[in-house]
Amino acid sequence: MPLHAQAPAPIPDKTHVIDRSGEPVFELRSVSHSYGRNKVIFDVSLAVWPGEVVGLVGDNGAGKSTLLKIFAGYQHPTSGTLRFMGKDVRFATPADARAMGIEAVYQDLAIVDQLSLWRNFFLGKEIVRTIGPLHVLERQRMRREAQQAISELGLTRVRSVEEPVWTLSGGERQSVAITRAMHFGAKLLMLDEPTAALSVRETRNVLASIGRARDHGLGVLYIDHNMNHVLPVADRIVLLELGRVVRVMDRGEVSLEELQDLIARRP
Ligand SMILES: Nc1ncnc2c1ncn2[C@@H]1O[C@H](COP(=O)(O)OP(=O)(O)OP(=O)(O)O)[C@@H](O)[C@H]1O
Ligand SMILES: [Mg+2]
């Protein structure tokens with residue numbers, strides 16, 4: 001177990017109340033999924049509301065990443081329905097999901113090491129001015145906007161948007177990706193083990209960024225093996241076991257020890 005596994009948790013925001021009277025940001029209804037003949041997801045229903053962090057937990061192979069890939073348009077469910085902002089949707093590609101405002105942040109981020117932070121921030125969303133036949137990158141504007149977003153959204157440790165991304169730590173990169181999702185108006189943010197291999201301090205920064213995304217009104221689907229990380233930020237915790245949802249727990253309903261026992265238990 002890494003040293004930081006028992007890191008003290010940040011203090012939960014107890015005043016945070018989620019309004020579940022409207023439509024969820026995103027919803028899976030009775031979704032099943034097979035890889036070839038191997039059925040790995042069984043009749044899963046799951047919803048994330050605006051301003052809600054849903055912690056998706058379960059043992060290795062439970063199907064957490066597969067559910068995230070279905071949300072992100074990388075996998076098409078074998079059966080069941082996907083709904084986004086109250087409407088049925090079907091994503092032909094991950095780009096379809098992103099265009100709607102669904103952002104996924106993985107451990108190995110789609111970030112280009114050699115490029116500066118601001119170039120990464122605008123990667124695929126560059127601001128371009130057309131002058132006659134020419135398309136010119138609006139560099140100054142992108143630098144300014146990236147710098148502003150990063151300081152407004154609380155990433156104060158980032159020194160300059162000119163820095164190449166390889167000079168950032170793993171945690172800073174995760175935080176930049178979360179900030180980027182907020183800046184471009186994502187509605188749903190999904191994170192697959194963003195704190196794996198991060199130090200205690202970096203983990204705290206990433207958890208704080210998740211809190212800011214939630215306060216910004218995004219729905220967040222958060223996968224992590226470390227319950228010390230999940231428990232303080234998750235408003236609800238969904239436990240998957242061999243592709244099935246076996247428990248849905250509200251914040252405060254379950255202790256750290258109970259949660260760890262539930263996950264370790266073999267069905
Ligand atoms: N691309 C794939 N092709 C075939 N089978 C796959 C594929 N991806 C995942 N699986 C299988 O689907 C099941 C669920 O895997 P998944 O990666 O979703 O689990 P997980 O809960 O994310 O696990 P972990 O905690 O180890 O990341 C596993 O049995 C796995 O072997
Ligand atoms: Mg996984």
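Q: How many bridges join strand β7 to strand β8?

A: Strands of a sheet pair through backbone hydrogen bonds, either parallel or antiparallel. This model is predicted. In it, β7 (residues 128-131) and β8 (residues 134-137) run antiparallel, joined by 4 bridges. V128 faces L137 in β8 across the pair.

Q: What do β7 and β8 form, and which residue in the turn has a positive phi?

A: They form a hairpin, with 2 residues between the strands. G132 sits in the turn with a positive phi of about 55 degrees.

Q: In what order do the 4 strands of the open sheet lie?

A: Read across the sheet: β2-β1-β4-β5, with antiparallel pairing. From one strand to the next, the twist averages 35 degrees.

Q: Over how many bridges do β1 and β4 pair?

A: Over 5 bridges, in the antiparallel sense. β1 covers residues 26-35, and β4 covers residues 79-84. For one facing pair, look at F26, which is opposite F84 in β4.

Q: Which strands does helix α1 lie across?

A: An α-helix has 3.6 residues a turn, so residues three or four places apart point the same way. Here, α1 (residues 64-71) lies across β1, β2 and β4. The helix runs at about 120 degrees to β1.

Q: Why is α1 described as largely enclosed by the rest of the structure?

A: Count its buried residues. Of the 8 residues of α1, 6 are buried, so the helix is largely enclosed by the rest of the structure. They are K64, T66, L67, L68, I70 and F71. Just past the helix, G73 has a positive phi of about 85 degrees.

Q: Which residues surround ligand 1?

A: Y35, V40, D59, N60, G61, A62, G63, K64, S65, T66, E193 and H225 surround ligand 1. In the side chain of S65, an N or O atom is 2.9 Å from an oxygen atom of the ligand. For the T66 side chain, such a distance is 2.5 Å. H225 has a polar side-chain atom 2.7 Å from an oxygen atom of ligand 1.

Q: Which residues touch the most other members of the largest nonpolar core?

A: In soluble globular proteins, nonpolar side chains tend to be buried together. The largest nonpolar core here has 30 residues, and I178, L189, L191, I210, V220 and Y222 touch the most other members. Several elements supply at least two residues each, among them β3 (53-57), α5 (170-183), β9 (188-192) and α6 (200-215). A second, separate core has 29 residues, including L68, M190, I223 and L240.

Q: Which residues is I178 in contact with, beyond its neighbours within four places in sequence?

A: I178 is in contact with L189, L191, V206, S209, I210 and A213.

Q: Is E52 buried or exposed?

A: Check its relative accessibility. E52 is at 0%, so it counts as buried. E52 is in the loop between β2 and β3. Its side chain makes a polar contact of 2.7 Å with the side chain of R236.

Q: Which residues does E52 touch, not counting those up to four places away in sequence?

A: E52 touches I18, R20, A47, R214, L218, G219, V220, D235 and R236. One of these, V220, is also among the residues that touch the most other members of the largest nonpolar core.

Conventions
Residues are numbered from 1 along each chain as its sequence is written. Chains are lettered from A and ligands numbered from 1 in the order in which they are written. This is a predicted model: local features need pLDDT of at least 70, side-chain atom pairs count only at pLDDT 80 or more; totals for chains, interfaces and linings use all residues. Side-chain values use heavy atoms; hydrogens and water are left out. A nonpolar core is a set of buried Ala, Val, Leu, Ile, Met, Phe, Trp, Tyr and Cys residues joined through side-chain atoms within 4.5 Å. Buried means under 20% relative accessible area, exposed over 50%, partly exposed in between (1.4 Å probe, protein chains only). Contact means heavy atoms within 4.5 Å. Two strands pair if DSSP finds at least two bridges between them. Axes are lines fitted to C-alpha atoms, for helices over the stretch in contact, and angles run from 0 to 180 degrees between N-to-C directions. A residue is near a molecule or strand if one of its heavy atoms lies within 4 Å of it. A polar contact is a pair of N or O atoms within 3.5 Å; within protein, one must be able to donate a hydrogen and the other to accept it, and residues adjacent in sequence count only if both atoms are side-chain atoms.
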